[in-house]
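Have a look at the sequence and the fold before reading on.

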Amino acid sequence: MTPTTVPERRSTRSQAALPSHGRAHNLSLVLRTLHSQGAMSRADLSRELGLTRVTVSDLVAELQQRNHVVELGMAEKNRPGKPAILVDVNRTGLQIVGLDLAEANVLRAAVMDLDGNVLTRLQTELTDERGEAVTALVLELADRAVSAATAPLLGIGVGTPGIVDADGVVLTAPNLDWLDLPLGTLLEEHTSLPTLVANDADAATMGEFTFGGGGDDMILVKIGRGVGSGLMVGGRRARGMHSAAGEIGHVTVGTDGGAPCVCGKVGCLETWVAAPHLGRALAAAPDDAARAALLATAGERLGIALAPVVAALDLAEVVLAGPSDLLNGELASAVATTLRDRTLQQREPQLLVRLSEDPQDIVLRGTAVLVLWAQLGVA
Ligand SMILES: [Zn+2]
């Protein structure tokens, strides 16, 4: 996989951030620019950031000392004058451990480079473990992943089901039977590495934003055992008052009934769209036409739930992440059609509805982004 570069969007954001001062901010700007645009000379960095050569050299020197930036070879000579040395984020000399705890029967881990490429995979099967037993398995999996790293680790990122506050406390995760579990602190104490924890759909949103070409104003809907979403608004992740922004799974859709939900209500979004519900309905359908109708209905209900969100926030993109055999086709097109029918069409570019290209790894790659943001200020 080639390093991801999305220069136009990133550079706009860098420039917008420039009026702010402070050395830490400038160090982050250097890292962010290199991470998104790739290796460049100090002179190019100075032009890009509008900082003097002396300032840039000084910032780069500090980042080299921290091992966050390295010198590469000489640039291709395309300008008069002596050839310049390229500097870049230490993409391969540092690694990140990511954990994805959101799948039904397995806890997944990966060692990744700073571009979110998976270098090593590990996993632990889950049977009926709940509560502290799951916590113990997570710590053990983290140990194994840390041992599998082949370069110094920048930190650990975790995507977990449930609601997670800004301090890495899992406030509630009914599927794992966790309540007010300080998962971030537990992992930090256990591994001595900085640890960032987010809801799995939020992590996926960060992954899509940084590595998947996702835009500044986007909702990512993650469909699996349940339905969750993450929101980017103006290039920032929305958290909400209770750290529960994007929790749309138990919003009831429509007033015409639907199936009973585990939460006690009837017709929650999950009962229309979550993979187990949809899978059962599809298995019972008599023929292809009936299956297509079920998928179209699921997409329509999802579109109905999303329309006010898309309109209220003037979003540019709806990204669907989940099993492509369910999402790709009738379901995704029904989402697009429903959104078009139910919102006022803005001027070009129109709302884009698309599938995540890497649904299997998007949570893991997103956990790498959590660590990059926290440790390097890189977006
Ligand atoms: Zn419900």
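Let's start with a histidine: the side chain of His35 has a polar atom 2.9 Å from the backbone oxygen of Leu114. This is a predicted model, so keep that in mind throughout. His35 sits in helix H2. Is His35 buried or exposed? With a relative accessible area of 4%, His35 is buried, because anything under 20% counts that way.

Now for the charged side chains. In general, side chains of opposite charge can pair when their charged atoms come close. How many salt bridges does a search of the whole structure find? The search turns up 19 salt bridges. Here are some of them, with the N to O distance for each:

| Pair | N to O distance |
|---|---|
| Asp58 and Arg23 | 2.9 Å |
| Arg42 and Glu71 | 2.8 Å |
| Glu208 and Arg354 | 2.9 Å |

Take the salt bridge between Asp58 and Arg23. It links distant parts of the chain, 35 residues apart: Asp58 belongs to helix H4 (residues 53-65), and Arg23 to helix H2 (residues 23-37). Asp58 is partly exposed, at 40% relative accessibility. Arg23 is partly exposed too, with a relative accessible area of 37%.

Next up is the salt bridge that joins the side chains of Arg42 and Glu71. Arg42 is in helix H3 (residues 42-49) and Glu71 is in strand S2 (residues 69-74), so this pair ties together parts that lie 29 residues apart in sequence.

Which residues are linked in a network of salt bridges? Here the members are Asp100, Glu103, Arg108, Arg121 and Asp361.

Technical notes: Residues are numbered from 1 along each chain as its sequence is written. This is a predicted model: local features need pLDDT of at least 70, side-chain atom pairs count only at pLDDT 80 or more; totals for chains, interfaces and linings use all residues. Side-chain values use heavy atoms; hydrogens and water are left out. A salt bridge is a side-chain nitrogen of Lys or Arg within 4 Å of a carboxyl oxygen of Asp or Glu. Helices (H or I, at least four residues) and strands (E, at least two) are DSSP runs, numbered from the N terminus. Buried means under 20% relative accessible area, exposed over 50%, partly exposed in between (1.4 Å probe, protein chains only). A polar contact is a pair of N or O atoms within 3.5 Å; within protein, one must be able to donate a hydrogen and the other to accept it, and residues adjacent in sequence count only if both atoms are side-chain atoms.
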